[in-house]
Amino acid sequence: MPLALALVSCELTGERAAAQSADETITLSRLPIRKFTRDDIIIEKQLLYDQYTLEDKYPYRDTFRYIQYDKIRDRLYLLDSIQRKRSRWAVLQNRSNNNGEADLVKEWVRNSYNRVSDRYDVEKHQSVPLFGPGEEIPERYGRDGSLVKILGMSADSSRYRVESYNAPGEWEVPSKYVALIEEGSSFGKAIMIDRHNQNISTFEKSGDKWLTRSINPATTGFTTRLMPMKHR
């Protein structure tokens, strides 16, 4: 039922007032609703840790490296967007293959380090198998630490049905690889790790802004990523 705002003059009564009211009624459901966009993400620098702070562009050997604010804004927009609708969240976990080595995917290769990977260059080691609905062989790997939205359970209740933002689409994941986040949790802090430029930045939500709390160099090594960043 549409919500309406009626503007009625207190000096009018009876039929005349009703007519004026009808003329001045604004049906809010017909008004355009402004869509939440990437441009709504406001980033403001308010450092809490200011040692070893990097400039937005900084020299490295014979070239320059960058703080990729365009990519950071995309990730923060994603983080804000997924929280605008109440959902149940979880994290994929298989650090050091503690929950069992993932099965081979349908199409696998050996990468430049001679390690088994899927066709998206996600290595089998420390990863989580992502199955298509009802499939017995995984389609691809999900990275340890990846955030997923819980959609439900598989028909036999052995797998969670999830939506992943690092591997777009709907997948089934064996329950042992899924760590549920407490219901009602929200995400007000974010860590962005840029493996290409080797830097790490942290952010905290305050009102309608994301505050930059630190920007520092990093040596990632075997780092897992919640929200991976593509290089420039």
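The model is predicted, so local features need pLDDT of at least 70 and side-chain atom pairs count only at pLDDT 80 or more, while totals for chains, interfaces and linings use all residues. Residues are numbered from 1 along each chain as its sequence is written, and side-chain values use heavy atoms, with hydrogens and water left out.

**Exercise 1. Find the order of the strands in the open sheet of five strands, and name its edge strands.**

Step 1. Strands are DSSP runs of E with at least two residues, helices are runs of H or I with at least four, and both are numbered from the N terminus. Two strands pair if DSSP finds at least two bridges between them.

Step 2. The order is S13-S12-S11-S6-S14, with antiparallel pairing. At the edges are S13 and strand S14 (178–180), each of which pairs on one side only. From one strand to the next, the twist averages 45°; such angles run from 0 to 180 degrees between N-to-C directions, with axes as lines fitted to C-alpha atoms, for helices over the stretch in contact.

Step 3. Now look at the pairs. Strand S11 (residues 147–153) is joined to S12 by five bridges, and Lys149 faces Glu163 in S12. Strand S12 (residues 159–164) also pairs with S13 over five bridges, where Arg159 has Pro174 as its bridge partner. Five residues separate S12 and S13 in their hairpin, and Gly169 in the turn has a positive phi of about 125°.

**Exercise 2. Is Asp118 buried or exposed, and which side chain of opposite charge is nearest?**

Step 1. Buried means under 20% relative accessible area, exposed over 50%, and partly exposed in between (1.4 Å probe, protein chains only). Asp118, in strand S8 (residues 116–118), is buried.

Step 2. Lys and Arg count as positive, Asp and Glu as negative, and His and the chain ends are not counted. The nearest side chain of opposite charge is Arg140, 4.4 Å away. A salt bridge needs a side-chain nitrogen of Lys or Arg within 4 Å of a carboxyl oxygen of Asp or Glu, and Asp118 has none.

Step 3. A polar atom of the Asp118 side chain does lie 2.9 Å from the backbone nitrogen of Val122.

**Exercise 3. Which parts of the chain does the salt bridge between Glu139 and Lys106 tie together?**

Step 1. The closest N and O atoms of Glu139 and Lys106 are 3.3 Å apart.

Step 2. Glu139 is in the loop between S9 and S10, and Lys106 is in the loop between strand S6 (89–92) and strand S7 (108–110), so the pair links parts 33 residues apart in sequence.

Step 3. Glu139 is partly exposed at 25% relative accessibility, and Lys106 is partly exposed at 42%.

Terms used. A polar contact is a pair of N or O atoms within 3.5 Å; within protein, one must be able to donate a hydrogen and the other to accept it, and residues adjacent in sequence count only if both atoms are side-chain atoms.
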